[in-house]
Structures are given as C-alpha cells and as structure tokens.
Amino acid sequence: MTGRFLCTAALAACLSLGAPLWAQTASWLHVQVTDGGEKASTVNVNLPLSVAKVALGMAPKQFTDKAVEKLNEHDVSIADIRKLWAEIKNAGNAEFVTVQEADETVRVAREGDWVRIRVDKTGEKSEHVKVDIPIGVVDALLSGDGESFNLLAAINELEGNTGDIVNVEDGDETVRVWIGSQGD
Amino acid sequence: MRVFLGIVGVFLGLVIVTVLSTSWLVVYVHQKEEGWRLMVPAPVFLADIALRIGGAQAQQVDLPPEALEFLPMLRPIVDELAKAPDFEMVHVEEPGLSVSIRKVGQSFDVSVIDEDQTVHVTVPMAALQAAARAAGDGYLRIGELAGAFDGVSHTRLVDVRQPDQDVSVWVW
C-alpha cells in the first residue's frame, strides 16, 4: 500500500515538475491581431509548434499545395525559386530586390542568418510590413522534392528560433507573428 | 418463492449497480421570468438505447466532404494538445464581447461573454477523440460520439446565463 502510494506521489511530482519544464523548453507560435479602429479589438492565438507540426504532417495535399498553385498562376515554379535561392545564399549579405514607387517601397535583403522583407506604403492608407525569416527556415522550406514546399521541415527549423517573424501595420490594424515560450 | 425473490433481488441489484456506475447527463433550466425550474437527469447509456431504437438513420449523420477531409487530423492534434500544459489557445476581445478557448486539464473550455449572456462550454478531449473515431465512410456514428461522454464525470458541459433564463448541462 505504502509502495503504491509512494509510486503515485513520485509520478504526480514528476508530472507537476514536467509541465513547467515543457512550457519553458517547447516553442510556441503566437499570433496577435489588433484593430485600433472604431471597433477596437484584439485577437490572440497561441499554439505549441508541436501541434502545428502534427497538423501540417496530416494536412490534406490540396491544402498544402495551395501556395504552389498560387505561384504557378504567376508562372513561377518551385524549381525556379530553388535556383534563385541558391544564388541568393551564395551572394552573402546583400539587398536583392528594391522596388521604389511613388508611394511604395519594397526591399528584400539578406542580413547574416536572416532574410528580411520590408514593404512600406505611404499615402492615405499607410502600410508597413516586416517579415524576418531565418535562412535555415527557407532552406528547410525548399528542401522538398518536386513542386512542393517542405512545410514540416520549415516548422522543425522554426523550433530552434525565437523572435518576431511577421509584423504588419496596416492603418489601425497590426498583425504580429512570433515564436517564443509559452508565456511570451 | 424464495428462489423467485432471489432472482428479482439480483436483477434489481444489477439494475441499481448499472445505473449508479454509469454517467448521468443532467439538464437544468431556470426560467427566471416565469419562475420555474426544470431538472432532467438521464443515464448516458439511455442515449445509446434511444439511438438503437431510432434505427440506422438516427445512428449516423452525413458529413460534408470538407469535414471528412479534416476530421482525421483531429485525433493526432488532440493527442498532441493533451501533452501540453494548460494554456489559452484563443482570446478575442472587442467592445461588448470576450471569447476565450483554453486547454484546462483534459478538456477545452470555451467561454463567450457578451452584453446579454455568458456561455461556458466544456469539451472533453475524449469527446473530440470520439468524434474523430466516429467519422468514417462519409458519416458520423452518433452512438460512438454519445459513448464518449460515458467516461466523463463531474463535468459541467454547458452553462448559459441569460437575463431571463439559465441553462446548464452536467455529466455526473
């Protein structure tokens, strides 16, 4: 009786110690959308990356291939992107794309281990988009065969990173996507 | 006569043990304006019996193809979520409305609070797992879904508070 009680108590102690450890070590995907307009609202979504991995691993093919379809509509293939990416990686730190129009600037650059995309739109409805993607994630995303993205590998790679991935400021609306611990 | 009474006693004993050991669904309605209260307790296994009486049509519900596509994902996702510590998955805040979906233990707690009402729904993970299992060949097997609540106990599944009435559904 005492032995069983001690085993149960030890198991409970391990589980209660394990939960905070899980929270600290596991990576979480956080999404925050705020609308500061007339009807101010905030939406927060938090998800363990391990769940995103399972979901992507099981996702129907037509769901994961939608991005590829979109690219194909613009006559861009994954093979083209792989070739372009290989060139970009070899080029080292550089600004690859700069588009400057009267009210819009688009910049795509590599800075160290990051690919940074910046879109700044001025005028009546200003919009600022900041996307920071670790190079390893892009490598992983393009590591699949044929005309498909390897989303699972990309999520695996994201697990090792923390920080903001996407920041969008569109008028009163902001969108922030980041990887962090549970409480971030 | 003694043998007969013995058989009746054993039968009644079995009925009492079965009824006490099974989960009960309790529906409670409080109509505030008219002042009446209604409490309906029913053993969960009765739902299974009712479905059997209702025939094949009552036992299964056709599912749209979109749902069939994503239902197989449900079980591994719930399995993975079960391993996670308690956390708030979704929180929406806007004037007059607050929505929260939390993982608490082995359940999901959904809470919707607006100016007129407060709604709390508890969805046991076992029920979601059962939904994934119960989906097959283009339809949802209701019997399997109802059976999922047989293993759930002492849980408030639904709690709706409105100015004119309160509704609660419990599993005991």
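Student: How many residues does the contact take from chain A and from chain B?

Tutor: The model is predicted. In this model, the contact takes 21 residues from chain A and 18 residues from chain B.

Student: Which element of chain A gives the most to the side that touches chain B?

Tutor: Strand 2 of chain A, with 8 residues. Helix 1 (2-25) and helix 2 of chain A each supply at least two residues as well.

Student: What makes up that side of chain A by class?

Tutor: It has 14 nonpolar, 6 polar and 1 charged residues.

Student: Why are strand 2 of chain A and strand 4 of chain B called paired?

Tutor: Pairing needs at least two bridges. Strand 2 of chain A and strand 4 (residues 87-94) of chain B have 4 bridges, so they pair. The two strands run antiparallel. One of the bridges joins T42(A) to E93(B).

Student: How do you know that L81(B) is in contact with V51(A)?

Tutor: Contact means C-beta atoms within 7 Å. L81(B) touches V51(A), so their C-beta atoms meet that cut-off. L81(B) also touches K103(B).

Student: What makes L81(B) and V51(A) part of a nonpolar core?

Tutor: A core joins buried residues of listed types, Leu and Val among them, through C-beta atoms within 7 Å. L81(B) and V51(A) belong to the largest nonpolar core, 12 residues in all. Helix 2 (49-58), helix 6 (135-141) and helix 7 (151-158) of chain A each give two or more residues to this core, as does helix 3 (65-83) of chain B.

Student: Which residues does the second core include?

Tutor: This separate core of 5 residues includes L25(B), V44(B), L157(B) and V171(B).

Conventions
Residues are numbered from 1 along each chain as its sequence is written. Chains are lettered from A and ligands numbered from 1 in the order in which they are written. This is a predicted model: local features need pLDDT of at least 70, side-chain atom pairs count only at pLDDT 80 or more; totals for chains, interfaces and linings use all residues. A residue is buried if 20 or more other C-beta atoms lie within 10 Å of its own, exposed if 12 or fewer, and partly exposed in between; C-beta atoms are placed from the backbone. Two residues are in contact if their C-beta atoms, placed from the backbone, lie within 7 Å. Ala, Val, Leu, Ile, Met, Phe, Trp, Tyr, Cys and Pro count as nonpolar, Asp, Glu, Lys and Arg as charged, and the others, Gly among them, as polar. Lists of a residue's contacts leave out its neighbours within four places in sequence.
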